[in-house]
Structure formats: structure tokens, C-alpha cells
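Me: I have a structure open and some labels I want to understand. Can you take me through them?

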Amino acid sequence: MNFSFSDDQLLVRDTARQLLADQCPPSLLRAHTDDITAARPLWEHLSDFVPLGIGPLVDLCVFMEELGRVAAPVPFFATACLYAPVLEAVGEHDLDAVLDGHASGTVALAGADGVWHPNAETRKTFVPDAASVDLVAAIAADGAVTLLASPPAQRIETIDTTRCLYDVETAVPGTSAGTISRAALDAVLARATVALAAEMVGTARRLLDMTIAYAKDRIQFDVPIGSFQAVQHKLADMSLDVERAWSAVYYAAMAIDAEDDDRDRAVHVAKAAAGEAAKRAAKDGIQIHGGVGFTMEHDLHLFLRRAFGAEALLGTTGWHHDRLADLLI
Amino acid sequence: MHLDWGPEVESFRVELIAFLDEYAPPQTRPRRDFAMSVHDAEIIPQWARDWQATLFDHGWMIPGYPPELGGRNASPVQTMVYLEEMSARGIPRALHFPGYAIVAPSLLDFGTEEQKALVPAAIRGDAIWCIGMSEPNAGSDLAGLQTRAVLDGDRFIVNGQKVWTSYATVAEKCCLYVRTDPTAPKHKGISMLIVDMDTPGIDIRPLTHINGNADFAEVFFTDVEVPAANLVGALNDGWRITQGSLAHERAGLWVEGVARLEQTITGLVDLAHRRGVANDPIVRRRIAEGYQRAASLRALGYKGFTSFAQGSSAPEHSYMKLASSEQGKALYELGMEIQGAYGPVVDEERGEEAGRWALSFFVSFANTIAGGTSEIQRNIIAQRVLGLPRSG
């Protein structure tokens, strides 16, 4: 068992962190809220990293964690974590264009119930970034994959302004791209779930770091509020949740990469642990910031939005606990 | 990043398993998914003494130590595998920890040659030790201890009181923390003495836990004479010794706590089936939550162990202590809740597993208090890991 990053993984992390610190400040998130095309230049910088989507999951998680840290409003998750592996699973030759950064895409699967499992509905829900990618891969009940260019898509307004989700009408002409087996689809979704959990850990750590900095800085009763035990204990619990979620995510990634017997349980553990960490970091982060944390002017709410948006995508904490129960009991 | 430990460790594991299969006594075989010593009438029964000696003689008591100290010079990773296998089977090394876990490393680091000669017996369990630390007015604020020792020629005269002293009623010797300079700042006036428990002037009064066991005690010292040669380390330098422990095992001891959580969850699944609530969605979700928290904690433990094995100091110890003790308490409480009206029943015939859930719930309070309360762990995390300022 070894939880330390390789030199290559550290390079991915450091490169991504530096790039995102320059190119994805909170002001970009605000600009993207008003006009989603504001994030296009950022996406052009990041498309080089798309091949991570079909490589070792640990490497992908390293990058996703950094995206979560800045709540990057780009279709990387849609393209690298959903679309590219679906194309790979069906042996679609257009994959090369995606890996080269020349094409982007997303996956439409969930029906009205919002759950990512095969169904016969043609109106798909919660499709990430459908309006800002080139192609939508619609997956039918039997696993048939159809690639759709600019299908009718309607933005679903959510609290998360950093990730755009859409209802997509898939009963329109498209190109057939073969069939994905149930096992292959489950494997894609398992990887995507862990990758999303890694993103959530990045967001949770950002919220924690912002709140620690504020607690050291903010003076009340003539002392930093971070010297009060009531505040310290909240931060200790937030940090415990973040640390265990980080560990659960990389354990799950290693288990999938190694095809370990524990991987199915580990996926649910990772997403649920990340959900608990992100929700607590967001809620207690705002509480410790007090009134200023509750203003639009402060940046904190951008990450609160991202945290609760990701919590609801690909299964909530409670949903993953229930699936885990099905494996245990 | 990878999951396996590497091939050189697997032969070590095979050797350990062969030893356990041959030598582990029947009392260690039943799955002990509950807090220890609920059923044993004696505090340290004979089978446990024999088992500890067998482990020592075969080099399996503290694998990281050399053979003369009950080990086999195992590497940190091998030690981790040892702790994994023992805890997965629920096999205890010993039913009393002070001698091998605290006294031995303290004497090896700070003792004279004469004092170091006491170490093998402490590890083998031939001599049972207690640790005189906590006092009525020195619990979490341990450095505020007031038991006084005055040097008088070639002996110390000790007066004062210790409390919550585990194994005091059966111990031969005590590592006693005393105040030797009342004028110095509180961390700087403390010394450590080795005290024979049969010295005149020592009065031991058993304290009964809320679960009915009496394996700790109050210990009163009235004009107790201790040879000056029994001072461990330098005079007034005893606080440093409180910081010592099994350094090479510290990074792995969490495995035992996590394994107990996992065994408790297995017990909860069985219990839910027996009580007919295995299909109750609330019960199912809460058991799964417990599993998630134990599994994510295990991953965090391994992450900390990775840093440790590579030579960096890892802050994970406080996270592990805080989370595993609190989670354990929550799981036993869930076990009671699953039984509805029968949760608190402890009578042998009508109670589920002779009331073990309720009694284990009671025992579990010790884990969130002893060895630094959960609140102290949160202080440590906030101040030493997150860098927040000390409270005023």
C-alpha cells in the first residue's frame, strides 16, 4: 500500500495548479455565470489534459482535484470522464480527435428520475455541458450509443453556476456509434464517480483553506476567532472529513486501476465520503465566515454552489450509502 | 500509488499466519467484535499471560524489536502487516498494554542500564506495570499533576494521589510521574520514578467502570520511600518521557481500532438479520454510513503510514484516534437501537448476546476519554496541523 504520488503525478498536479491559479480566478467564475462563453479560453488551455480520461484513474483524480479547487467551469468532466471513455468502450475512431483536443463531448443517460442508469426515455436529464460541447453521446436502454450534434438542449437552472446541466432531447437524427455493454457502462460510471469525488475533495479543501485563513485573520473580542475552541473544533472536524475523503478517493482509484475485489464498495465509499466532506466544509465554512460569507460579494458561495452541485450529480451521499448497503447487507 | 505491499512482505505474512494457526490459544479464536474484557472474570487471566510469553519467545510480541526483546527486527511495513493480521483476526497481543507499549520504550530511551534490564520482563508480561499519570486535578491538563516527590539523601519521599490508573490492583511496578520542582513552570518540574507497588505507604482502591469491571484504581501515596536510583532520565525532565511511545508502531496502531470498527459492522449486519430489520431502509443506510466511515478511515490510516514509512512525521494519529473512538461509540449505540425495547437488556436469557451491545457501548466511552479526549484531539488537530493560534 503506497499513497504517495509518483514524480509524473506530482508534475500533473503542479502544472495544473499553476495554470489554474493563473487562468481560473474567481472573477472568471463570475464572468461565466453571466456568459458561459467566458470560460472558452480556459477550456482551450485544458483540453491537452483530456487523455487523462482514459489513463490510470489515479492520474485523472490528481487533475480533477485541481479543477475542483478552482471550481473550473469547463466541460472537462463531460469530455474526459464521460464522453471519451464511452467512445473508447465502443471502439469509436472519433476518439482520436477528442484526445487531440479537437473535439469535445458529453453523455446523456439519466431520465426524469435523474439516476444514471439505462432507461427508455428519450428526454435525458442532467447532461453536463451539453450546449458547450461538439457532440452528445446518447445512451439508450439497450446500450446503443448515438452521437448527436447540437441536439435541442434546455439549461436546468441550479444553485451551481459553475457547472451547466441540461435537459436534452435525444429523439433526433444522429450517428450510430455501436453499443456499450452494461459492464462497460458500469465501469465508465464507476471511474467518473470517483473522478467527480476527487473534484469534490478539491472543492472541499479550497473551502477549508479559505476558512482557516479567515479564522486566523478575523479579529473579534481582540483575538483571532481561530483561537476559540468552538471555531477550532469545527475546523478540526472539517479537516478530518477532507483527509478521510481524500484517502477514500485515491484508495478507490487504486482499487479500480488494480481491478481489486474491493473496488465496487470503494467507489460508493469515495463518493459518499467526498459528499460528507464537501457539504460540511461548505456549511461550516460559511458559518465560520459569519455574515460576510453570506454575501454575493465574497467568493465563498461560488464553492458552496460547486460542492452541492457535485453532491447531487451521479448519486448523492445518501444514494451511495444505500447502494453500499445493498453490497453489505 | 499502489495497493499491494510488495513480495518481501508476503513471506512474512505467511510465517505469521502459520504461527498463529499453531499457537493462538482458543480464547483468542472467537471473533471478538466487542470491546475487550467484557466477559473475563480476572483482569489478566492465565491464558493471556501464557499467550504473551509465547509471542515473546517466538519473536512475535513486538516484531520491530530484536529477538532479545520479543521481536525479529521487522521493518515498518512488516510491522504493519503484523498489526493487520492480528487485528483482522481479533487476536490480542496482551490484555495489559502499559508494560510493552509505554514502559518498555520509555526505559529503552531514557533508562539506566539497570533500568533497561527490566524491559524484557515488561514486554513478556512476566512483570505487570501500571502508569501513574492522571490525578483528580490533572486529567486533560496532565502537566498540572501535583503528586510530590522530595529528594532526601538517597531516596525520594512521595506524597499524593493518582486516579484512573489501569491495572494498579495487579501491577508489580509503576512508572510514576511526580512533581520534583514546584517552583518551575509546570512542564519543567516533573520527574519519572519506578515504584514497587508493594512499598509501604501505597494504598490501592479499585475503581469500578460503568460496565461493572474494576481494572483501574485510585492509588494513594503517603510518605512512600523510593530509592533515588529509580529516577528515570534526568531530574525535572520527566515530561519529555510522556511524549515517548512505541515510535515504530505508533504509525500502525490505528489498524487495531479500525479493525474493531469493521468487526462491529459485521456484527451489526448479523444483528439486523436476527432482529428482522435487515430490510429497514434507515437501518441499512446507517450501517452503510458506519462502513463508509470505517473504510475511509482505513484509507486515511494507510495514507499516514505511507508518510511515516518514508520518514516524515504524520499528523494522522490524532485524526485516527478521534474518528475511530467516536465512530465506535456510535456503532454500539446503533446496535442497541436496532434491538428496540431490548437494547438495554443485559440478562443472559433474553438479552441479545448477553447484553454485549449495551455493555460495549458503556466500555466505548473510555475510548473517547482515555489517552487524550476527543476535545483534546480536536485542539491538537486545530493547533498543530491547521496552525490555528492557541486559545487564551
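Below, each label is set against its definition.

Reply: Some ground rules come with this predicted model: local features need pLDDT of at least 70, side-chain atom pairs count only at pLDDT 80 or more, and totals for chains, interfaces and linings use all residues. Residues are numbered from 1 along each chain as its sequence is written, while chains are lettered from A and ligands numbered from 1 in the order in which they are written.

Me: Why does Thr122(A) count as partly exposed?
Reply: Thr122(A) has 14 C-beta neighbours inside 10 Å, so it falls in between and counts as partly exposed.

Me: Why does Asp223(B) count as exposed?
Reply: Asp223(B) has 9 C-beta neighbours inside 10 Å, so it counts as exposed.

Me: What is the phi of Asp223(B)?
Reply: It is positive, about 45°, although Asp223(B) is not a glycine. Asp222(A) has a positive phi too, of about 70°, and is not a glycine either. Most residues other than glycine have a negative phi.

Me: Where is Asp223(B) placed?
Reply: It sits in strand E7 (residues 216-227) of chain B. Strands (E, at least two residues) and helices (H or I, at least four) are DSSP runs, numbered from the N terminus. Asp222(A), in turn, lies in the loop between strand E8 (219-220) and strand E9 (223-224) of chain A.

Me: What span does helix H9 of chain A reach, and what is expected?
Reply: The expected span is 1.5 Å times one less than the number of residues. H9 (residues 263-289) of chain A has 27 residues, and 39 Å is expected. It reaches 38 Å from its first C-alpha to its last, close to that value.

Me: How many residues of H9(A) are buried?
Reply: 21 of its 27, which leaves H9(A) mostly covered.

Me: How many residues of chain B are in contact with chain A?
Reply: 37 residues of chain B are in contact with 42 residues of chain A. H10(B) gives the most to the chain B side, with 15 residues.

Conventions
A residue is buried if 20 or more other C-beta atoms lie within 10 Å of its own, exposed if 12 or fewer, and partly exposed in between; C-beta atoms are placed from the backbone. Two residues are in contact if their C-beta atoms, placed from the backbone, lie within 7 Å.
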